[in-house]
Amino acid sequence: MKKKLLLMGKSGAGKTSMRAIIFSNYGAADTRRLGATMEIEHSTIPFIGDLHLNIWDCGGQMRFMNNYFNEQKDHVFRDAEVLIYVFDIESRDQTGEFMYFKDCIQSLSQCSPNAKVFCLVHKIDLIKPDLRDDILNNYKSALEPIYAPFKPEFYCTTIWDYTLYQAWSDIAYKLIPNISLIDSQLSKFCEMCGASQVVMFERTTFLVVSYTQNHEDIDSDHQKFVQISETIKTYRQACSKMRSRFDSIDVRNGPFSMFIEPFTNTTYIMVVMNDSDVGKYLFLTPNISNIAKLF
């Protein structure tokens, strides 16, 4: 099963950099050597189960834009599952960028009216943290007359921290066709293990797919899990540079234990136990062999 994602925004917004970080194991600093995207770069990424993400990274130069909305409109926007539009916080031509976004929305509404829209206000590391919510709200207000009939979800993102993983985890979550079944079975797995929290990550990108918790424990924190996702991805990149294989993680710290293990062919799983002395193979291995059959 393939799902088409359009990655759009003006040239220099950071589209290709975020794609390289999420899907090609680039570090943030490594993206400096990437050049501008010419026309459209296609990539098909295996994801959960038989789901493949068909990503169209669309160059944002003016000569390409006019082509997207005229000669290639049907080709580009037809059968799109998702539009991810990246706004550059550094843009000096915000009016022009809003017009480009309006053209995208109009073309999408004509060719793929049921698509989902995500707006990423990018390079937010250049803005003081206490001003970021105001910036995001300003974008929402300014774009509200433009994005009908869609109801986009908005995110502040940067390649330098977990915010990029948070946005892309949410996007991926909405694309997985049997996600309600995964959520349900993960809750059963958590109960079978007697775990405090269980989180499922996609194997290659380490994006958060689903998570659950024991209701007697503290509330689950999506941001915390996304931060773990970014940390593990960075650690795995370091292992690769040292030609060392990443396989699993076993952490015992004070009153808890945390294990990150391969789960299925396309996922990893993290199990948190409120017991620093528990042996992972006493509870994890048998349950993995049983529960993984459900995915």
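Lys123 is located in the loop that runs between strand S5 (116–122) and helix H5; helices (H or I, at least four residues) and strands (E, at least two) are DSSP runs, numbered from the N terminus. The phi angle of Lys123 is near 70°, which is a positive value in a residue other than glycine. With a relative accessible area of 19%, Lys123 is buried. The term buried stands for under 20% relative accessible area, exposed for over 50%, and partly exposed for what lies in between (1.4 Å probe, protein chains only).

The model is predicted: local features need pLDDT of at least 70, side-chain atom pairs count only at pLDDT 80 or more, and totals for chains, interfaces and linings use all residues. Residues are numbered from 1 along each chain as its sequence is written, and side-chain values use heavy atoms, with hydrogens and water left out.

## The chain as a whole

The protein chain contains nine helices and eleven strands. Its radius of gyration is 20 Å, close to the 19 Å that the globule rule gives for 295 residues, so the protein chain is as compact as a globular protein of that length. This radius is taken over C-alpha atoms, and the globule rule is 2.2 Å times the number of residues to the power 0.38. The C-alpha trace spans about 60 × 40 × 40 Å along its principal axes.

Of the 295 residues, 54% count as buried. A contact means heavy atoms within 4.5 Å. Among the contacts between residues at least 6 apart in sequence, 66% join residues at least 24 apart.

## Surface and charge

The protein chain exposes about 14,200 Å², and carbon and sulfur atoms supply 48% of this area. Accessible areas come from the Shrake-Rupley method with a 1.4 Å probe; for residues, only the protein chains shown count as cover.

There are 31 positive and 35 negative side chains in the protein chain, and the centres of the two sets lie 6 Å apart. Lys and Arg count as positive and Asp and Glu as negative, while His and the chain ends are not counted. The place of a charge is taken as NZ of Lys, CZ of Arg, CG of Asp or CD of Glu.

## Two domains

The domain assignment gives domain 1 (2–174) and domain 2 (180–294); such bounds come from an automatic or database domain assignment. The C-alpha centres of domain 1 and domain 2 lie 29 Å apart. Across the two domains, 21 residues of domain 1 are in contact with 20 residues of domain 2.

Asp183 belongs to helix H7 (residues 179–193). When neighbours within four places in sequence are left aside, Asp183 is in contact with Tyr173 and Ser210.

## Buried residues in a strand and a helix

Asp57 forms part of strand S3 (residues 52–58). At 0% relative accessibility, Asp57 counts as buried. Leaving out residues up to four places away in sequence, Asp57 touches several residues, including Lys15, Arg19, Thr37 and Glu39. Asp57 and Thr37 are 20 residues apart along the chain, and their C-alpha atoms are separated by 7.7 Å.

Thr163 is placed in helix H6 (residues 163–173). Its relative accessibility is 11%, so Thr163 counts as buried. Residues up to four places away in sequence are again not counted when Thr163 is said to touch Cys156, Thr157 and Thr158.

## Further loop residues

Pro149 is found in the loop between helix H5 (132–143) and strand S6 (153–157). The peptide bond that leads from Ala148 to Pro149 is cis, with omega near 10°.

Phe206 sits in the loop between strand S7 (197–202) and strand S8 (208–213). Its phi is near 60°, a positive value in a residue other than glycine. Phe206 has a relative accessible area of 0% and is therefore buried. Ser24 lies in the loop between helix H1 (15–23) and strand S2 (40–46), and at 41% relative accessibility Ser24 counts as partly exposed. Ser24 and Cys104 are 80 residues apart in sequence and 26 Å apart in space, C-alpha to C-alpha.
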